[in-house]
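Me: I am new to this structure and would like a close look at one part, the surroundings of the ligand. Please walk me through it slowly, and then show me a few residues from elsewhere in the chain.

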Amino acid sequence: MTEGSKKNILVLNGPNLNMLGTREPDIYGSETLDDINNNMISRAETLGYTIDFRQSNSESELVGWIQQCQGDTSAILLNAGAFTHTSVAILDALQTLDIPVIEVHLSNIFRREKFRHHSYVSPAANGIICGFGSNSYILALDAAHNILSKN
Ligand code: DQA
C-alpha cells in the first residue's frame with residue numbers, strides 16, 4: 001500500500017492529557033502522550049493507517065479540528081478529558097460527522113467520582129473504551145479498524 005492510499009485516523013486528546021507521565025500516575029499510568037502516540041503509529045502501520053495525533057487544552061480548538069476533519073479522515077478516536085463531562089459543543093461537532101467515532105479513556109470513568117459517569121461524547125460515539133490505561137488507545141484503533149473493514 002502506498003502512503004497516499006492509506007486511510008487517516010484522527011486521534012484527539014483534550015485538556016491535561018499533555019501532562020501524562022507525571023499527572024496522577026496511579027490513575028493514568030507512567031506513559032507520556034508521546035509514548036502513546038508512538039505505540040499508535042506502530043499499530044496503525046500494521047493495520048495500514050496513518051495517525052494524526054493531536055492534543056489541546058482548548059475546547060474551541062478541539063471543536064475546530066472536529067469540524068475540519070471531514071473528507072480525508074476515516075475515523076476519530078477521542079479522549080476529550082474533562083470536556084467529556086461538560087461539553088455540549090464537542091457533542092454537537094461530533095454529531096455533524098458521518099465517520100466512526102470511538103470514545104477513549106485511560107481510566108475506568110465508571111469506577112471514579114460520580115461526575116465522571118456522565119459523558120456528553122457517548123451519544124455521538126460508536127462505542128467507548130475505558131479503563132485499560134494507554135492500551136485503551138490501541139483497543140480503540142482496533143475497534144475503528146474493525147468498523148472500517150466492514151464498510
Ligand atoms: C480521562 C477521564 C476524565 O474524567 C478526566 O477528566 C481526564 C482523563 C481518562 O482518560 O481517563 O482528563 O478522559
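Reply: Happy to! A polar contact here is a pair of N or O atoms within 3.5 Å; within protein, one must be able to donate a hydrogen and the other to accept it, and residues adjacent in sequence count only if both atoms are side-chain atoms. The model is predicted, so local features need pLDDT of at least 70 and side-chain atom pairs pLDDT 80 or more, while totals for chains, interfaces and linings use all residues. Residues are numbered from 1 along each chain as its sequence is written, and side-chain values use heavy atoms, without hydrogens and water.

Let's begin with the ligand. Around the ligand (a heavy atom within 4 Å) you will find Arg23, Tyr28, Asn79, Gly81, Ala82 and His85, together with His105, Leu106, Ser107, Ile109, Arg112 and Arg116. This shell is made up of 4 nonpolar, 5 polar and 3 charged residues, with Gly counted as polar and Tyr as nonpolar.

The protein buries 99% of the 320 Å² that the ligand exposes when taken alone (Shrake-Rupley areas, 1.4 Å probe).

Now for the other residues. Ser56 sits in the loop that joins strand E2 (49–55) to helix H3 (59–68); helices (H or I, at least four residues) and strands (E, at least two) are DSSP runs numbered from the N terminus. Because its relative accessible area is 3%, Ser56 counts as buried (under 20%; exposed is over 50%, partly exposed in between, with a 1.4 Å probe and protein chains only). In Ser56, a polar side-chain atom lies 2.9 Å from the backbone nitrogen of Ser58.

Helix H3 also holds Glu59. Glu59 is partly exposed because its relative accessibility is 28%. Although Glu59 and Ala89 are 30 residues apart in sequence, 8.1 Å separates their C-alpha atoms.

Finally, look at Thr32, in the loop between helix H1 (25–28) and helix H2 (33–47). Its relative accessibility is 30%, so Thr32 is partly exposed. The C-alpha atom of Thr32 is 4.7 Å from that of Leu20, a residue 12 positions away along the chain.
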